[in-house]
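Work through these exercises with the sequence and the model side by side. Try each task before you read its solution.

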Amino acid sequence: MIKNLINGKWVESKETFETVNPATGEVLAEVAHATPEQVAAACQAAKNAFPAWANMAVAKRSKIIEKLGDLIADNVNELSALETADTGLPLYQTRNALIPRASSNFYFFAEKAKQMNGHTYPMDDQMLNYTLYQPTGVCALISPWNVPFMTGTWKTAPALALGNTAVMKQSELSPLTTDFLAKLALEAGIPAGVFNVVHGFGSTTGNALITDPNVNAISFTGGTSTGKHIIANAGLKKFSMELGGKSPVMIFDDCDYERALDAAVFGIFSINGERCTAGSRIFVQEGIYDRFCEEFAARANKITVGDPMNMDTKVGSLISQGHWDKVTGYIKIGIEEGATLIAGGPEKPLSELPDHLKGGHFVRPTVFRDVTNNMRIAREEIFGPVAVLIPFKDEADVVSMANDNDYGLASYLWTQDVGKVHRIARSVEAGMMFVNSQNVRDLRTPFGGVKGSGTGREGGDYSFEVFCEPKNVCISM
Ligand code: NAD
């Protein structure tokens, strides 16, 4: 059984639930379903462990954090196979990118913690103010299933490196690599109570965690409606909310066409399209629209869908039957709304699948053209391999459509005109813009969104917002 880790001990729960390989239907493990009392015990353990961990010499704490990074690096093959089995994500991505990135998260924040500085504010020769950045306390770390290990470690690494203690709740659909992380954390020497893991559903375990009075901060990644629920119910705590997206890709006819085409295909179909920063609204300027649609659909048709464990597979299984119903439901909505389906569709690619995958939740890379920005497929987060191609006239037209959406996470721009780059970068309502580039992460930069995509930023010094409290010390001279 996958157990909770509470105060350095493995704890079973009376109730359990199953975690299933979405590609094959195989039950991978029974998982302890943490009760509210167990969540409270984990939060209390984190509170008790906080003073010693927060006051440990930074060099010593960072060494332990680095060791955890090393242990992840040593176990990339096992972790990536587990992550792929638990989520349906293609192994080529978990092994080559998503799991290795988790090690970098620990190395990066181990170093960042050592370099932490406050500010000084002298008031003439009378007074001196200086700021101390101190850890926030007990942090609830809540993660979704789409890239669970990477997202979970993106929270754990800064939280622990900066001197906080934590209680993590991974998605009930993808608990396996978080369980592995908990084992590696003990092996790295993280003291009892500093890192706790509780497993369970949002409405039970999650709810107990966000309302626990010992929790000082919540770093949440997940859906926008869950984020709103947490803000409304958690009480007075610090929040970082990394929520949904419907990120625009703006492709002008003066772009480097082949690179833009490659990036747009990768941007929506990688990670099964189950990606918060997916370029899921693709705006293409009128002069190149027809050619782009044709070539985009041809690329989509060539993408290998199938066994996530096969290194050649580019799109694996969606996470669950419920999510498959949602994604294929949107494909049917797109057809009803009058968009033109030019690749894929709502049917499972059964003839392409071997028998053991016939029950998996596969969706063919799907492409719609003649989409308008007011259609539901252009407005709502589908979170699957479904691309919508929308024509635009000029700069004003595309900026207005890009901003006419409830979300504001990432945005992507393809043009050779440097003036246009600066104007659009200022005008688009999004937390991030990538120009002539795929979504490339530099861990020093702020990650997060505006509008329905959330509040707060994580990454580099921006992680201090949630994981540290700046204290001002004012001294008379
Ligand atoms: P979700 O909101 O359903 O669940 C996310 C996590 O919250 C899970 O662990 C879940 O158990 C927990 N949860 C649910 N209800 C809760 C409650 N009442 N109290 C406490 N915890 C609760 O989201 P999901 O379906 O797992 O993930 C998909 C969503 O995540 C998409 O909208 C996607 O865009 C978003 N996402 C955002 C980012 C980002 O960085 N902005 C990254 C990845 C995914």
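**Exercise 1.** How do the residues of the shell around the ligand divide into nonpolar, polar and charged?

*Solution.* First, the ground rules. This is a predicted model, in which local features need pLDDT of at least 70 and side-chain atom pairs count only at pLDDT 80 or more, while totals for chains, interfaces and linings use all residues. Residues are numbered from 1 along each chain as its sequence is written.

Step 1: sort by type. Ala, Val, Leu, Ile, Met, Phe, Trp, Tyr, Cys and Pro count as nonpolar; Asp, Glu, Lys and Arg as charged; the others, Gly among them, as polar.
Step 2: The shell holds 10 nonpolar, 18 polar and four charged residues.

**Exercise 2.** Which residues are closest to the ligand, and how many surround it?

*Solution.* Step 1: set the cut-off. A residue is near a molecule if its C-beta atom, placed from the backbone, lies within 6 Å of it.
Step 1: count. The ligand is surrounded by 32 residues, and the closest are Pro144, Gly202, Gly206, Gly222 and Cys276.
Step 2: find the elements. Helix 7 (202-211) and helix 8 (224-233) each give two or more residues to this shell. Helix 7 has the largest share, with five residues. Helices (H or I, at least four residues) and strands (E, at least two) are DSSP runs, numbered from the N terminus.

**Exercise 3.** In what order do the strands of the three-stranded open sheet lie?

*Solution.* Step 1: define pairing. Two strands pair if DSSP finds at least two bridges between them.
Step 1: give the order. It is 5-6-22, with antiparallel pairing.
Step 2: find the edges. Strand 5 (120-123) and strand 22 (468-476) each pair on one side only.
Step 3: look at one pair. Nine bridges link strand 6 (residues 127-135) to strand 22. Gln134 has Glu469 in strand 22 as its bridge partner.

**Exercise 4.** Is strand 8 mostly covered or uncovered?

*Solution.* Step 1: define burial. A residue is buried if 20 or more other C-beta atoms lie within 10 Å of its own, exposed if 12 or fewer, and partly exposed in between; C-beta atoms are placed from the backbone.
Step 1: apply it. In strand 8 (residues 165-169), five of its five residues are buried, so by this definition the strand is mostly covered.
Step 2: find the neighbour. Strand 7 (residues 138-142) runs parallel to strand 8, joined by five bridges. Ala140 stands opposite Val167.
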